[in-house]
Amino acid sequence: MPLSRRNFMVTAVQASVSMLTLLAPRWVLAADRRPAFDATAIDAALQALGLPPPQDTAEILFKAPEIAENGAAVPVEVESRLPNTRAMLLLVEKNPHVLSARFEFPAGTEPFFATRVKMAETSRIHAIALTDSGNFYTTRLVKVTLGGCGG
Amino acid sequence: MPDPMLIRAVLKGETVEVKALIAHVMETGQRKDADGKLVPAHYIETLTATCGGRQVFRAEWGASIARNPYLSFRFKGAQAGDKITLTWTDTAGASRSDEATIR
Amino acid sequence: MRRLALVLWGLLNALPAQAAEPVNERLRDSFEAKNQATLERLEQDETQQLCTRYAPTDLPAEVARRIQSLNQSTIKPPADGQYLGDFTRGEAIAQRGTGWQSSDDPAKPAGGNCYACHQLAAAEVAYGNLGPSLYHYGKLRGASAEVLAATWGKLYNSNATEPCSRMPRFGHRGILDEQQLKDLMALLFDPASPVNQ
Amino acid sequence: MKPLFAKRLRGLGALLLGSFALTAAASDDALREYREMFGDDNPAALWEARGEQLWQTARGPQHASLAACDLGLGPGVVKGAYAQLPRWFADTARVEDLESRLLTCMTELQGFPRDALLTTRFGDGERKSDLEALAAYVVGASRGAEIRLPLQHPAEQAAWALGQAAFYYRAGPHDFSCATCHAQADKRIRLQTLPQLTTAEGAREAYTHWPAYRISQGELRTFEWRLQDCYRQQRFPQLKFASEVAVGLSLFLAKTAEGGAMAAPAIRR
């Protein structure tokens, strides 16, 4: 819930951007997506990808640890149960650059991925599924703990 | 020359489960070395998987995928004995392809 | 010949109670100075010598008394008589684990790394258990002159009351300065400190 | 991998001392979840693969492979060798651990200058360490092997005694020794479980899982790195690589862990 309030607030600018994307081809070229990886906020990353704010869903299975022993590698496993999921995004809200990854699933490939992501600090992680009938997200909060005898 | 990827591809029913470990520093450009100097960003930007001439998976990454990346995905339409090829390209223009046989 | 001597040395020192002094020289050969962590750090004061010599067995009563008196005399109360500083700064000191390592910048203030071993504020769940929980420290004990002085003494030189304590002698060894100790005192005693919520 | 992490976490039930112990117990479950999610997919395998390649390739000024390197079980025998190190080697007339022995083989057989090998003893990102890769390969070939250290040679007994003395040696600004953190059961620093290295169970838990892929560094680290980094955090000067204390402490802990089955390279925070 806080995600939609805080990060996906639809401003007039964004609304017009998403209107444009309706007219644009489904996928922008890969090279055109690179600037999204430099975005420092979630709404900016989505805007750079020409995506409208996604809706909350329970149809994305998102496995992430509640507490990470180390932020250098946090395992995540995501599976979409939404029909016709073409791609998924992984975003870490508090990272210097919020967009971690984009995965594309051609026909015959399951909308599933597992990887390990760096987390600069305790943060929400968002998984967004891009489907034929719109974009949907789900969120996990991962607490990154401090460790060790020397800080 | 980058080190080879370690790829496992196992057929479970109709689905091939692929798991890969990739030797790569995935430098964010924000880390300082022992001398306090910033280590320049250097990370894998794209990774594709092909099987029988068909692209079955594509990943685009930022610098925040963990060092020595782990990746798993699943696809249908292949048999045991088929070959799957993974190819990555990084921000320095380096790339590497490795192949595994589906078991 | 040298080898035979080593062997004899090894056999003679099979008991840890006898191993402390001769090992000093050989340790020196196995270490090298790095940045602020110079070889002098291998030199032991009398407390460290005694604690090493009797590890891991129990200290004889007279040795325990000797260590207590050696350390009791080092405790200096705050110059202005004020024990309590700022608990917000105290929390930061308790969280910080760096300081005094070869990899640390000696110009930066050292931490106390209290959470490595103690529970303090309830909000921090990543705390260790080598030491007792200090949650509600002041709330449970009050802040009488005796309690303040005893706690200051514990922070300043833990070996004055507990010989060979695992806790560093923060004041005596100059790990933390007087103001930092006061800030930690505030973290423990201030009614508004997160420790006492 | 499951037993690895399950074992580390055993005994934390004893923490139920007060209402706030519940928080610690809850954190503990969550850490188990984090550790288990890594499964068997340990990047250490990348080091093992590179190390095997390095072992077999003719390299160095003398253009030799390490096929003639004797790790204690005869020239070229890698399988099970790590589980019987450190040990006395007649050719060098010294007790050597794996790192020290690899240095010996790489200088004697391949002709690499020792100083150059020491410069890259620990890898850092793009600057890879051949020693760490070779260690990963050799240790991986001891998976399941039982640690056996008969200590029949007097020099091995002397190394054990030095290791034990070093373990209890208390010094530095913070008065730390190895025993400060590693001589009691069921203790943690922050959320990291501290193995009790004075018991067979605790020493096995620690020793059988090193070398390990260290998540925080994204590097494979050997046991000597583990010791050196402990001393750094003890606020001691730097432990010299392949020094008497490094070998002695390794041997002291390996002896305490005797009977345990090697399960390295593992994965660690």
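Two residues are taken to be in contact if their C-beta atoms, placed from the backbone, lie within 7 Å. Among contacts in chain D between residues at least 6 apart in sequence, those joining residues at least 24 apart make up 68%. In chain B, residues 24 or more positions apart account for 54% of the contacts with a separation of 6 or more.

The model is predicted: local features need pLDDT of at least 70, side-chain atom pairs count only at pLDDT 80 or more, and totals for chains, interfaces and linings use all residues. Residues are numbered from 1 along each chain as its sequence is written, while chains are lettered from A and ligands numbered from 1 in the order in which they are written.

Secondary structure was assigned from DSSP runs, with helices (H or I) of at least four residues and strands (E) of at least two, numbered from the N terminus. Chain D contains 11 helices and eight strands. Chain B has seven strands and zero helices. From the N terminus, its elements run β-β-β-β-β-β-β. The C-alpha trace of chain B spans about 50 × 20 × 20 Å along its principal axes.

Burial was assigned by counting neighbours. A residue is buried if 20 or more other C-beta atoms lie within 10 Å of its own, exposed if 12 or fewer, and partly exposed in between, with C-beta atoms placed from the backbone. Of the 269 residues of chain D, 57% are buried. In chain B, 40% of the 103 residues are buried.

Strand pairing in chain B was examined next. Two strands pair if DSSP finds at least two bridges between them. Strand 1 (residues 6–12) and strand 2 (residues 15–21) of chain B are antiparallel and share seven bridges. Lys12(B) lies opposite Thr15(B) of strand 2. These two strands of chain B form a hairpin with two residues between them. In the turn, Gly13(B) has a positive phi of about 65°. Strand 2 of chain B also pairs with strand 5 (residues 70–76) of chain B, again antiparallel and over seven bridges. Here Leu21(B) stands opposite Tyr70(B).

Chain D holds an open sheet of three strands in the order 6-5-8, with mixed pairing. Its edge strands are strand 6 (219–221) and strand 8 (266–268), each pairing on one side only. The twist averages 35° from one strand to the next, where axes are lines fitted to C-alpha atoms, for helices over the stretch in contact, and angles run from 0 to 180 degrees between N-to-C directions. Strand 5 (residues 212–214) of chain D runs antiparallel to strand 6 of chain D, joined by three bridges. Ala212(D) has Arg221(D) as its bridge partner.

Chain D touches both chain B and chain C. Nine residues of chain D are in contact with 12 residues of chain B. The chain B side has seven nonpolar, one polar and four charged residues. In this grouping, Ala, Val, Leu, Ile, Met, Phe, Trp, Tyr, Cys and Pro count as nonpolar, Asp, Glu, Lys and Arg as charged, and the others, Gly among them, as polar.

The contact between chains D and C takes 43 residues from chain D and 51 residues from chain C. Helix 7 (154–168) of chain D is among the elements supplying at least two residues each. It gives the largest share of the chain D side, 10 residues. By class, that side has 23 nonpolar, 11 polar and nine charged residues. Strand pairing also crosses between these chains. Strand 1 (residues 31–32) of chain C and strand 7 of chain D run antiparallel, joined by two bridges. Glu32(C) has Gln238(D) as its bridge partner.
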